[in-house]
Amino acid sequence: MDSARDHITELADACVKCGLCLPHCPTYALDRSETESPRGRIALARHAVDGSLAPAVDLHAHLDHCLGCMACQRVCPVPVQYGNLLTAYRAVLPPAKPRPRHLLRLLTRPALLRFGAGLARASGAARWLPPLTRLLPRRSPLRAAVSLLPAFPAPSHRAQAPTPANVRGHVALFGGCVQGALERDAQDAAARLLAAAGFETTRIGGSCCGALAAHTGDSNEATAKARRVEQSFATSGADVLLTATPGCLGTLREDLPGRRVHDAMAFLDLHGDALRFHALPRKAVLHLPCTQVNVARADGAVRRLLARIPGLELAVLPVQGQCCGAAGSHMLEFPERAASLRERTLANLPRPCPDLLLTANIGCRLHLGAGLHERGEPITIEHPLTLLAQQLET
């Protein structure tokens, strides 16, 4: 325990307190409070572990409110390893309030989540269950989870990717937990595009990268999941591990140090020169998840790929790099704060609203979709890879 606290102290002491991170922090923009900023949280963590500040509920709450979007780390001149500090702190000290552990475990079990989603669709739960849960407190994680049901993507069945005519390489495609259960069309799209670019694909499905466990302080569970990812990748025989979900990327890179781990769209941007797309005369708006901008650094790749679809008019939400409030479990643990952050994002939608919203992160898709449903705005939401695969010339 002492070594963990010493590690937190070392990470915190790297901060020079310049404040350059403050304009980029979504929670600071929401509250205008130093304790809701990266600089403030670093100071709180430092004093909490050295005993100079007695741990209290309010102190923990400020640290729990952090979205882990890494916008601060992207602009930090040092840079402070803020993500590592946050994970280490949450592993050492308990949260301000009990986490909804059973609900969070469900999210990391793709088979069980897929069964639950199928049951919800079959029973029409998206229509009758949300009104019932409105009897629960607004801060209820269960109420927040049920509010996502109308945003669930239509079910899709796993399709077999075509075999490349001329194989250029072998890649593994990580399925993940929530995307693996709810967004199989994005996985199929990635495999199809990779095959068209000449890459044989092996899928790694049915597992979680461990990001949710790490971000909620369960270091033992995170380590166990990391080992399973490492074993699955080792047995795949692939040279590169790709993910279509940028929220998994940082954790996968930590799981596989020294190995080639990339965002799928960044990889296709580099290796998909031969891909050609049918014209699509539609207007779309692109939401760039914070992890895609701050961790994957693949926002340019996404724009370039979509720009290759003739006729597609693409607008980009100006809040790129700032979290929409989904943030893994944040939309379930702090639904009121998450809803406020979501409204800041949706307020930037162009008017009149386009008929297509593109986002690569399944958490963002569900969170933003729930907000659009509440607003009564019928906008189709898709993964960019799905749209690219639909327009692919074969």
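Helix α15 lies across strands β1, β3 and β4, and its direction runs at about 165° to that of β4. The axes behind such angles are lines fitted to C-alpha atoms, for helices over the stretch in contact, and the angles run from 0 to 180 degrees between N-to-C directions. Contact here means heavy atoms within 4.5 Å. Another helix, α16 (residues 264-271), packs on the sheet too, touching β1, β2, β3 and β4, with its direction at about 95° to that of β4. Helices (H or I, at least four residues) and strands (E, at least two) are DSSP runs, numbered from the N terminus.

A word on what is being looked at: this is a predicted model, in which local features need pLDDT of at least 70 and side-chain atom pairs count only at pLDDT 80 or more, while totals for chains, interfaces and linings use all residues. Residues are numbered from 1 along each chain as its sequence is written, and side-chain values use heavy atoms, with hydrogens and water left out.

Now to the sheet itself. It is an open sheet of four strands in the order β2-β1-β3-β4, with parallel pairing; two strands count as paired if DSSP finds at least two bridges between them. Because β2 (199-204) and β4 stand at the edges with a single partner strand each, one side of each has no neighbour in the sheet. From one strand to the next, the twist averages 30°. In general, strands of a sheet pair through backbone hydrogen bonds, either parallel or antiparallel.

Going through the pairs, β1 (residues 169-174) is joined to β3 by four bridges, and β1 to β2 by six. Ala-172 makes a handy landmark: its bridge partner in β3 is Leu-241, and in β2 it stands opposite Thr-202. On the β4 side, four bridges link β3 to β4 (residues 260-263), and these two strands run parallel. Here Leu-242 stands opposite His-262 of β4. To get from β3 to β4, the chain crosses through helix α15 (residues 246-255), and this β-α-β crossover is right-handed. That label applies if, with the strands pointing away from the viewer, the path from the first strand over the helix to the second runs clockwise.

What covers the two faces of β3 can be read from its residues. In this strand (residues 240-243), Val-240 and Leu-242 on one side are buried, and so are Leu-241 and Thr-243 on the other. Buried means under 20% relative accessible area, exposed over 50%, and partly exposed in between (1.4 Å probe, protein chains only).

Two residues elsewhere are worth a look. Asn-361 sits in the loop between β7 (356-359) and α21 (362-375), and counts as buried because its relative accessible area is 13%. Leaving aside residues up to four places away in sequence, Asn-361 touches Thr-245, Pro-246, Gly-247, Pro-289 and Thr-291. Leu-112, in helix α8 (residues 110-123), is partly exposed, with 48% relative accessibility. The C-alpha atoms of Leu-112 and Ala-181 are separated by 8.6 Å, though these residues are 69 apart along the chain.

Zooming out, the chain has 22 helices and eight strands, and 53% of its 394 residues count as buried. Its radius of gyration of 21 Å agrees with the value near 21 Å for a compact globule of 394 residues; the radius is taken over C-alpha atoms, and the globule rule is 2.2 Å times the number of residues to the power 0.38. Along the principal axes, the C-alpha trace spans about 65 × 50 × 40 Å.
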